[in-house]
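Subject: A structure to look through

Hello,

I am handing over a structure that I would like you to read slowly, with the sequence beside it.

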Amino acid sequence: MIIYGKEVEVSLYKPLEKQKQITGVLKAIDNETIQIQVEKGINKIERKNIARVKTIYNWKEE
């Protein structure tokens, strides 16, 4: 299930901007890329370079 607007961790086969793991908010997905909002803007990542995408759950105590 795809949940836009949730924080995800993306593991890559090849580094993107010297990183093999990128954490950010999932903004969009199409047949060839996904878009992740990070501090510096939006990273557009080719799907063929993605090894794994995991949702990050922030368990907050209230």
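This is a predicted model: local features need pLDDT of at least 70, side-chain atom pairs count only at pLDDT 80 or more; totals for chains, interfaces and linings use all residues.

Residues are numbered from 1 along each chain as its sequence is written, and side-chain values use heavy atoms, with hydrogens and water left out.

The phi of K18 is near 65°, which is a positive value in a residue other than glycine. E17 is placed in the loop between β1 and β2 as well, and with a relative accessible area of 57% E17 is exposed. The hairpin of β1 and β2 has 2 residues between the strands, and within it E17 takes a positive phi near 55°.

Now to the sheet as a whole. There are 5 strands in an open sheet, arranged in the order β4-β3-β2-β1-β5 with antiparallel pairing, where two strands are said to pair if DSSP finds at least two bridges between them. The edge strands, each pairing on one side only, are β4 (41-46) and β5 (50-55). From one strand to the next, the twist averages 45°; the axes behind this value are lines fitted to C-alpha atoms (for helices over the stretch in contact), and angles run from 0 to 180 degrees between N-to-C directions.

You can follow the pairing strand by strand. Strand β1 (residues 7-16) and β5 run antiparallel and are joined by 5 bridges; here V8 stands opposite T55 in β5, and L12 stands opposite I50 in β5. Between β1 and β2 the antiparallel pairing extends over 6 bridges, and L16 has Q19 in β2 as its bridge partner.

L26 lies in strand β2 and is buried, with a relative accessible area of 7%. Not counting residues up to four places away in sequence, L26 touches I2, I3, Y4, G5, K6, V8, Q35 and I36, where contact means heavy atoms within 4.5 Å. The C-alpha atoms of L26 and V38 are separated by 9.3 Å, and these residues are 12 apart along the chain. E9, placed in strand β1, counts as buried because its relative accessibility is 18%. Leaving aside neighbours within four places in sequence, E9 is in contact with Q21, I22, T23, R52, V53, K54 and I56. N49 lies in the loop between β4 and β5, and N49 is buried at a relative accessible area of 15%. With residues up to four places away in sequence not counted, N49 touches S11, L12, Y13 and K14.

Finally, there is a pocket to find.

Rolling a probe the size of a water molecule over the atoms shows where empty space is left. On a 1 Å grid over the protein atoms alone, a cavity is a set of points where a 1.4 Å probe fits but cannot get out, whereas a pocket is an open set with protein on both sides within 12 Å along at least five of seven lines, and lining residues have an atom within 4 Å of a point. The second largest pocket is lined by E17, Q19, I22, T23, V38, E39, K40 and N43, and strand β2 (residues 19-29) gives the most to this lining, with 3 residues.

Best wishes

Terms used. Helices (H or I, at least four residues) and strands (E, at least two) are DSSP runs, numbered from the N terminus. Buried means under 20% relative accessible area, exposed over 50%, partly exposed in between (1.4 Å probe, protein chains only).
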